[in-house]
Amino acid sequence: MPSHPLRVAVVCSSNQNRSMEAHNILSKRGFEVRSFGTGTHVKLPGPAPDKPNVYDFKTTYEQMYNDLVRKDKELYTQNGILHMLDRNKRIKVRPERFQSCKDQFDLVITCEERVYDQVLEDLNSREQETFQPVHVINVDIQDNHEEATLGAFLICELCQCIQHTDDMENEMDELLQEFEEKSSRPFLHTVCFY
């Protein structure tokens, strides 16, 4: 079992739905957790599939919330976006980009393969300083409210199992194989170094 609480990062594209739902649940379970996106901008559904609401990562959740209320309160209440932003602003002030964070984590969990690839690209481009391992695991989660909740509970269960291993480095592959069988989801796993 690690001598310190597991330092976890949860990463999706815009740091809005999947990573924030997992952030919420993990923090309530006592994990040292941060959440991120890897996109160049934050994208939220708009009035049509080809008309998303696009924000800079510097925009606060409160500003996004107020902007969408101004644009069409009924639409964004009905589709759950205002509820999601309300949850987000209770967790932290604004979305964050993984590529801008230089903190070290024991575990980085991504929510889709494209994000996993972006995280690996970023970690592998950094200069190695401490040679501390970081396990990067991908759990594919569809980007909708229901799947984000189910995925967050799966991520939490995975983190709890990892936290209680005696030897994370040597037990990880077996643990992930068990989770793949139990959840019927494929998991990707790579070890990088800081």
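Is E178 buried, partly exposed or exposed? I found that E178 is partly exposed, with a relative accessible area of 44%. I used these cut-offs: buried means under 20% relative accessible area, exposed over 50%, and partly exposed in between, with a 1.4 Å probe and protein chains only.

**Ground rules.** I am working with a predicted model, in which local features need pLDDT of at least 70, side-chain atom pairs count only at pLDDT 80 or more, and totals for chains, interfaces and linings use all residues. I number residues from 1 along each chain as its sequence is written, and side-chain values use heavy atoms, with hydrogens and water left out.

**Negative patch.** I placed E178 in helix α6, residues 168-183. Helices (H or I, at least four residues) and strands (E, at least two) are DSSP runs, numbered from the N terminus. E178 also belongs to a negative surface patch, together with D166, E171, E174 and E181. Patch residues have over 30% relative accessible area and no salt bridge; like charges are joined within 9 Å, and nonpolar side chains (Val, Leu, Ile, Met, Phe, Trp, Tyr) within 5 Å. A salt bridge is a side-chain nitrogen of Lys or Arg within 4 Å of a carboxyl oxygen of Asp or Glu.

**Nonpolar patch.** I next looked up F131, which lies in the loop between α4 (113-125) and β6. F131 counts as exposed, at 53% relative accessibility. With V191 and F193, F131 makes a nonpolar surface patch of about 280 Å². Accessible areas come from the Shrake-Rupley method with a 1.4 Å probe.

**Positive phi.** I noted that phi of F131 is near 60 degrees, a positive value in a residue other than glycine. N15 is another non-glycine residue with a positive phi, near 55 degrees. N15 sits in the loop between β1 and α1. N15 is buried, with a relative accessible area of 0%.

**Core.** How many residues does the largest nonpolar core have? I read 28 residues, and V8, L26, L107, I137, I155, L158 and I162 are those with the most contacts inside it. Two or more residues each come from β1 (7-12), α1 (18-28), β5 (107-110), β6 (133-139), α5 (145-163) and α6. The most come from α5, with seven residues. A nonpolar core is a set of buried Ala, Val, Leu, Ile, Met, Phe, Trp, Tyr and Cys residues joined through side-chain atoms within 4.5 Å.

**L120.** I found L120 in helix α4. L120 is buried, with a relative accessible area of 12%. The C-alpha atoms of L120 and F187 are separated by 15 Å, and these residues are 67 residues apart along the chain.

Note on methods:
Lys and Arg count as positive and Asp and Glu as negative; His and the chain ends are not counted. The place of a charge is taken as NZ of Lys, CZ of Arg, CG of Asp or CD of Glu.
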